[in-house]
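Thanks for coming. I have one structure to go through today, and I will keep to what can be read from the coordinates.

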Amino acid sequence: MYDLIILGSGPAGCTAGIYAVRAGLKTLIIAGSRWGGQPMTTTLVENYPGFPEGVQGPQLMTGMRKQAERLGAEIINSDFTEVDFSIRPLKIFIGEKYFQAKSVIIATGARSIWLDVPGESKLRGKGVSICATCDGFFFRDKNVMVVGGGDNAMEDALILAKIAKSVTVVHRRQEFRASKALQDKVFAEPKISIIWNGELVQYNGETKLDTVNLKLKAQNSKLQFKIKNIDINITMQQFINETMKQFGGGKLIKKERDYIIWQLPIDGVFVA
Ligand SMILES: Cc1cc2nc3c(=O)[nH]c(=O)nc-3n(C[C@H](O)[C@H](O)[C@H](O)COP(=O)(O)OP(=O)(O)OC[C@H]3O[C@@H](n4cnc5c(N)ncnc54)[C@H](O)[C@@H]3O)c2cc1C
């Protein structure tokens, strides 16, 4: 029986683990098969204090994990499959096996959904990004393309409009799914232009993004677009559906647009 079980081992899970063991709590971190979370998929993190030259994402997360372990947290790399928060102690299942705890911190984070088109994996971090707040700085005074039509795409386009020379939003449909307020801001921003009914089908470039191929549905034509920087922001639906399944359908989680809303409070269950 643990005082605390933490679900997830990204920055939130590891930080919670470090604080918990230092507070004397017997702590288990269920790290997940993708331990370390999102920073494991990136290169240079420049905004983490204490690293004047920046730090590689995997190096940062290896350090956080080691720190939690050294202080006494137990860590297992499996994915939990189910939870039972209806009785106490709280139960976390990994298949048939389960662990019990007085408290649980959910730190399962988020997952980026990439476009999964040719050239993408090779050019990630080399002009292809999924986070304007993280990478916008590298796009200063450049021409940037944003792919997507939801709230996140609008927010990223607006962030990039403050930094980049120009922003082109490419969307598969004739209208955005984003909230009206965000759409209005995007339409009013002179630096942003929009390509409707366009689908990004390929990235080109060897060591850096050079051009992208767009398929334009309306004209049934293809276009090669010279662009050095792309920000992808498409729907998180698949991730939300998976998360809902793990946490017992709609009892704990409500979907609101592309976000998860936790139906708390439940005694002893927290979200980080
Ligand atoms: C490519 C990229 C670059 C980025 N660059 C920056 C940057 O430069 N600066 C910056 O500030 N932010 C950056 N970010 C954003 C930053 O990584 C996230 O904000 C941060 O990782 C969120 O931390 P988290 O701990 O909440 O969640 P996550 O990092 O998403 O971690 C979630 C954890 O939960 C685990 N998990 C999920 N489901 C289960 C399960 N069933 N069982 C067990 N574990 C599970 C996952 O395996 C993972 O370990 C970047 C993100 C990406 C993808």
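This is a predicted model: local features need pLDDT of at least 70, side-chain atom pairs count only at pLDDT 80 or more; totals for chains, interfaces and linings use all residues.

The protein has 7 helices and 19 strands. Of its 272 residues, 44% are buried. If we take contacts between residues at least 6 apart in sequence, 57% of them join residues at least 24 apart. The accessible surface comes to about 14,500 Å², and carbon and sulfur atoms account for 52% of that.

Now helix H2, residues 57–71. With 15 residues at 1.5 Å a residue, H2 should span 21 Å, and its end C-alpha atoms are 22 Å apart, which agrees. Which residues of H2 are buried? They are Gly-57, Leu-60, Met-61, Met-64, Arg-65 and Ala-68. These cover an arc of only 130 degrees around the axis, so they sit on the same side of H2. As a reminder, an α-helix has 3.6 residues a turn, so residues three or four places apart point the same way. On the face turned away from the buried side, H2 carries the exposed residues Lys-66 and Arg-70. The cover over the buried residues of H2 includes helix H1 (11–22) and strands E2 (27–30), E3 (44–45), E4 (55–56) and E5 (74–76). After H2 comes Gly-72, with a positive phi near 125 degrees.

One of those covering strands, E2, contains Thr-27. Thr-27 has a relative accessible area of 1%, so it counts as buried. Its side chain reaches the backbone oxygen of Leu-25 at 2.9 Å. Leaving aside neighbours within four places in sequence, Thr-27 is in contact with Tyr-2, Leu-4, Ile-6, Ala-20, Val-21, Ala-73 and Glu-74.

Next, the ligand. There are 28 residues around the ligand, and those that come nearest are Ala-12, Arg-34, Gln-38, Asn-47 and Phe-80. Where does the backbone come in? A backbone N or O atom of Ser-9 lies 3.3 Å from a ligand oxygen, and a backbone N or O atom of Gly-37 also lies 3.3 Å from an oxygen atom of the ligand. For Phe-80, a backbone N or O atom is 3.0 Å from a ligand nitrogen. On its own the ligand has 1,000 Å² of accessible area, and the protein covers 83% of it.

Is Arg-172 buried, exposed or partly exposed? Its relative accessibility is 40%, so it counts as partly exposed. The C-alpha atoms of Arg-172 and Asn-197 are separated by 4.4 Å, although these residues are 25 apart along the chain. Setting aside neighbours within four places in sequence, Arg-172 is in contact with Asn-197, Gly-198, Glu-199 and Lys-217.

That is what I have; questions are welcome.

Note on methods:
Residues are numbered from 1 along each chain as its sequence is written. Side-chain values use heavy atoms; hydrogens and water are left out. Helices (H or I, at least four residues) and strands (E, at least two) are DSSP runs, numbered from the N terminus. Buried means under 20% relative accessible area, exposed over 50%, partly exposed in between (1.4 Å probe, protein chains only). Contact means heavy atoms within 4.5 Å. Accessible areas come from the Shrake-Rupley method with a 1.4 Å probe; for residues, only the protein chains shown count as cover. The expected span of a helix is 1.5 Å times one less than its number of residues. The arc is that of the directions from the helix axis to the C-beta atoms. A residue is near a molecule or strand if one of its heavy atoms lies within 4 Å of it. A polar contact is a pair of N or O atoms within 3.5 Å; within protein, one must be able to donate a hydrogen and the other to accept it, and residues adjacent in sequence count only if both atoms are side-chain atoms.
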